[in-house]
Amino acid sequence: MGLRFIFMLTRNDKTVDDAEKHLQTALAAGVHHIGFKDVGLPFERLKKLNQSIKKGGATSYLEVVSLDRDSEVASAQAAVEIGVDILLGGTNVDAVLPIIKGAGIQYYPFPGKIVGHPSTLEGTIEEIAASAKDLSSREGVDGLDLLAYRSREDVGKLMAAVCAVTDKPVIMAGSIDTKARIADVKSSGAGGFTIGTAALDGIYPAQGNDLDAQLRSILKDVADVNDHVSRFSTKNLDESFSKFTETWSPRIAGQVNNMMIKLAKFEGEFVWHHHAVEDELFLVHKGSLMMKFRDRDEMVHEGEFIIVPHGVEHCPVAMSDICEVILLEPATTVNTGNTEDDRRVTNLAEV
Ligand code: NI
């Protein structure tokens with residue numbers, strides 16, 4: 001199962017004042033699990049924030065910070081009234097379960113003993129794992145929220161020990177700020193993790209320290225750790241095309257079974273050729289392309305594509321200074337086909 005990234009609109013365990021603005025950035029970046037805490041903003045704003053998360057097609061999370069029984073009961077009631085999808089945290093399970101019963105809220109309480117604010121996780125690995133086992137066996141508990149990086153124990157061992165005692169998803173919280181930590185979380189068997197402060201403060205390793213760059217970098221690393229290729233959006237396609245200048249020298253962007261997705265820059269006219277067995281698709285990203293055939297020429301504009309069947313002679317010509325093209329063709333395809341030309345490339349670099 002893939003690891004789920006939950007972006008928390010929180011800093012130092014409080015929902016941030018400009019949560020609405022950051023939410024829009026997160027939704028635009030493609031983050032679809034978004035959480036907040038029940039402290040930092042007034043109730044009405046939390047309610048609106050939740051509506052905006054849902055309107056953006058994302059799953060909402062409320063993480064309970066208050067640890068005394070009465071505050072936790074109030075938080076659970078707030079979760080029901082706000083209409084969140086998933087309630088994270090809290091330790092007073094007996095008090096919370098009756099409140100959220102029938103409300104359609106998933107519940108992931110904290111295993112172990114939580115102390116202070118910002119919270120720390122106390123106890124030995126054995127004690128925390130025992131608490132996790134007990135909690136996850138309860139009806140109405142759908143998963144666990146482990147403050148792994150708030151423990152003084154060996155975090156890797158703690159995460160693995162907790163994941164080993166339950167089949168339910170375990171979310172790891174607190175201080176995850178590098179790809180190496182995400183990979184550790186994944187290898188422990190966790191279902192997901194949260195990042196708040198690191199992304200909001202621009203600490204996560206990324207091309208920029210603005211939130212958009214931070215979130216895109218996290219999503220890409222998660223896709224990598226999950227062994228999924230991250231989606232190519234208009235924005236990162238532009239970025240990828242900007243990483244190379246050579247023309248007629250395709251770069252590999254991905255693979256779908258035996259079909260390669262390549263990015264190429266065309267300039268001027270190429271060479272007449274055909275491919276004995278491979279069909280080729282040319283999708284124009286920027287500029288325009290003329291595909292010359294022996295019997296006719298066809299113009300391919302931005303956002304359009306053309307398929308050249310195998311065996312058909314063709315000669316691509318860039319009609320703009322540089323034409324950026326996405327190619328879809330079998331791995332065996334060589335750009336110059338049956339023709340010898342000094343622009344022939346066989347060992348393609350990744351973009
Ligand atoms: Ni060709």
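How are the donor residues of the nickel ion spaced in sequence? The pattern is H-x1-H-x4-E-x33-H. Keep in mind, as you explore, that this is a predicted model.

**The nickel site**

The nickel ion is held by His 273, His 275, Glu 280 and His 314, at 2.0 to 2.2 Å. The angles among the four donor atoms run from 84 to 172 degrees, and the site is irregular.

**Two helices side by side**

Now turn to a pair of helices. Two packed helices are described by the angle between their axes and the distance between the axes. Here the axes of H6 and H7 come within 8 Å and cross at roughly 30 degrees. Because angles under 35 degrees count as roughly parallel, H6 and H7 are described that way. Their crossing is right-handed. The table shows who makes the contact.

| Helix | Residues in the helix | Residues making the contact |
|---|---|---|
| H6 | residues 155–164 | Met 159, Ala 160, Cys 163 |
| H7 | residues 179–188 | Asp 184, Val 185, Ser 188 |

**A closer look at Leu 215**

Leu 215 sits in helix H9, which covers residues 211–225. Is Leu 215 buried or exposed? Its relative accessibility is 0%, so Leu 215 counts as buried. Beyond its neighbours within four places in sequence, Leu 215 is in contact with Phe 5, Phe 7, Ala 26, Ala 29, Val 31 and Ala 199. Glu 63 makes another reference point: Leu 215 and Glu 63 are 152 residues apart in sequence, and their C-alpha atoms are 20 Å apart in space.

Technical notes. Residues are numbered from 1 along each chain as its sequence is written. This is a predicted model: local features need pLDDT of at least 70, side-chain atom pairs count only at pLDDT 80 or more; totals for chains, interfaces and linings use all residues. Side-chain values use heavy atoms; hydrogens and water are left out. Donors are N, O and S atoms within 2.8 Å of the metal (3.2 Å for Na, K and Ca); water is not among the atoms, so sites may look incomplete. Four donors count as tetrahedral if all angles lie between 85 and 135 degrees; four count as square planar and six as octahedral if opposite donors are over 155 degrees apart and all others between 65 and 115; anything else is irregular. Axes are lines fitted to C-alpha atoms, for helices over the stretch in contact, and angles run from 0 to 180 degrees between N-to-C directions. Helices (H or I, at least four residues) and strands (E, at least two) are DSSP runs, numbered from the N terminus. Angles under 35 degrees count as roughly parallel, over 145 as roughly antiparallel, 65 to 115 as roughly perpendicular and the rest as oblique. A crossing is left-handed if the near helix is turned anticlockwise from the far one by less than a right angle, and right-handed if clockwise. Contact means heavy atoms within 4.5 Å. Buried means under 20% relative accessible area, exposed over 50%, partly exposed in between (1.4 Å probe, protein chains only).
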